[in-house]
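Trainee: I am new to this structure and would like to go through it slowly, one question at a time. Could we look at it together?

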Amino acid sequence: MTTMGFANIGNLTVMAMERFLLVAYPMKRLSIRHAYILAFLVWIYALSLSLPPFFNWGAYGLEAGNISCSVSWEKRDPETHNDTYIGFLFVFGFFLPIIIITSSYCGIIKTLKNTGKLIGARNRREKKVTRMVYLMILAFLIAWLPYAVLALATQYFNVQPSHTVALLPALFAKSSICYNPIIYAIMTVQFPKIWKKNVFHQSKR
């Protein structure tokens, strides 16, 4: 679950960078080969963040309400150095991706302002895809920010929330995986057409 969470933010970071490169350098498109390489690197990135507890740096444990296993945010163990592992997670798994994502979108806005209003069907389509990626990133931040704040407060400020207070951010964060398919379905023109075609085809059978 931890690996999937970091893969999610890694993919969103790569998508934000890809949107910036497409707007700033429209002639330099990513090839399928590059996409496969980036996807592979995202999973390496996610595993490098989630595997250290298996090598005695950090620890996993049950979350509030015992709904799932996750990083033991509240644990303070000098043997596993859980505090430094959590710091490592937040620097490379949360703050750095957010900085890259924010910089990419600031670059997109600046580029669009400098080049003037984009026209043409292709540019309108690219702007719509950019909006879709922006919504995915926004949904991710809204879902995970309360969880991240609570985790930091628990480890570094000795905050001890009740089970109910600790459970809600965890449930909200885990639900973030549901948002991207919904946003994609709403923002992609081809999706409803193909969906209707397939449903109609199945009903005819």
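Trainee: In which helix do Trp-144 and Tyr-147 both lie?

Mentor: This is a predicted model, in which local features need pLDDT of at least 70 and side-chain atom pairs count only at pLDDT 80 or more, while totals for chains, interfaces and linings use all residues. Residues are numbered from 1 along each chain as its sequence is written, and side-chain values use heavy atoms, with hydrogens and water left out. Helices (DSSP runs of H or I, at least four residues) and strands (E, at least two) are numbered from the N terminus. Trp-144 and Tyr-147 are 3 residues apart, about one turn of the helix, and both belong to residues 121-156, that is, helix 4.

Trainee: How are the rings of Trp-144 and Tyr-147 arranged?

Mentor: Rings of Phe, Tyr and Trp (its six-membered ring) pair if their centres lie within 6.5 Å, and planes under 30 degrees apart count as stacked, over 60 as edge-to-face and the rest as tilted. The ring centres of Trp-144 and Tyr-147 are 5.4 Å apart and their planes stand at 90 degrees, so the pair is edge-to-face.

Trainee: Which kind of aromatic pair do Phe-88 and Phe-92 form?

Mentor: By the ring rule, the count comes to 9 aromatic pairs. One of them joins Phe-88 and Phe-92, with 5.3 Å centre to centre and 50 degrees between the planes, and this pair is tilted.

Trainee: Which residues do ring pairs link into a cluster with Phe-88 and Phe-92?

Mentor: Phe-88 and Phe-92 both lie in helix 3 (residues 82-115), 4 residues apart. Phe-88 is partly exposed at 22% relative accessible area, and Phe-92 is partly exposed at 39%. Ring pairs join Phe-88 and Phe-92 into a cluster with Trp-57 and Tyr-85.

Trainee: Which residues does Ser-104 touch, not counting those up to four places away in sequence?

Mentor: Ser-104 lies in helix 3 and counts as buried, at 6% relative accessibility. A polar atom of the side chain of Ser-104 lies 2.8 Å from the backbone oxygen of Ile-100. With contact meaning heavy atoms within 4.5 Å, and residues up to four places away in sequence left out, Ser-104 touches Ala-16, Met-17 and Phe-20.

Trainee: What separates the C-alpha atoms of Gly-5 and Ile-177?

Mentor: Gly-5 lies in helix 1 and counts as buried at 16% relative accessibility. Gly-5 and Ile-177 are 172 residues apart along the chain, and their C-alpha atoms are separated by 8.6 Å.

Trainee: Why are the buried residues of helix 2 on the same side of that helix?

Mentor: The buried residues of helix 2 are Val-42, Ala-46, Leu-49 and Ser-50. They lie on the same side of helix 2 because, taking the directions from the helix axis to the C-beta atoms, they cover an arc of only 95 degrees.

Trainee: Which exposed residues does the face of helix 2 turned away from its buried side carry?

Mentor: Helix 2 has 19 residues and reaches 27 Å from its first C-alpha to its last, close to the 27 Å expected at 1.5 Å a residue, where the expected span is 1.5 Å times one less than the number of residues. On the face turned away from the buried side, the exposed residues are Arg-33, Tyr-36 and Phe-40.

Trainee: Which element of the protein chain has the lowest mean pLDDT?

Mentor: The chain has 7 helices and 2 strands. With pLDDT being the predictor's confidence in each residue, from 0 to 100, the mean over the protein chain is 78, and 81% of its residues reach 70 or more. Among the elements, helix 2 (residues 32-50) has the highest mean, 93, and the lowest, 60, belongs to helix 7 (residues 190-204).

Conventions. Buried < 20%, exposed > 50% of the residue type's maximum accessible area, 1.4 Å probe, protein only. Polar contact = N/O pair within 3.5 Å; in protein donor to acceptor, adjacent residues only side chain to side chain.
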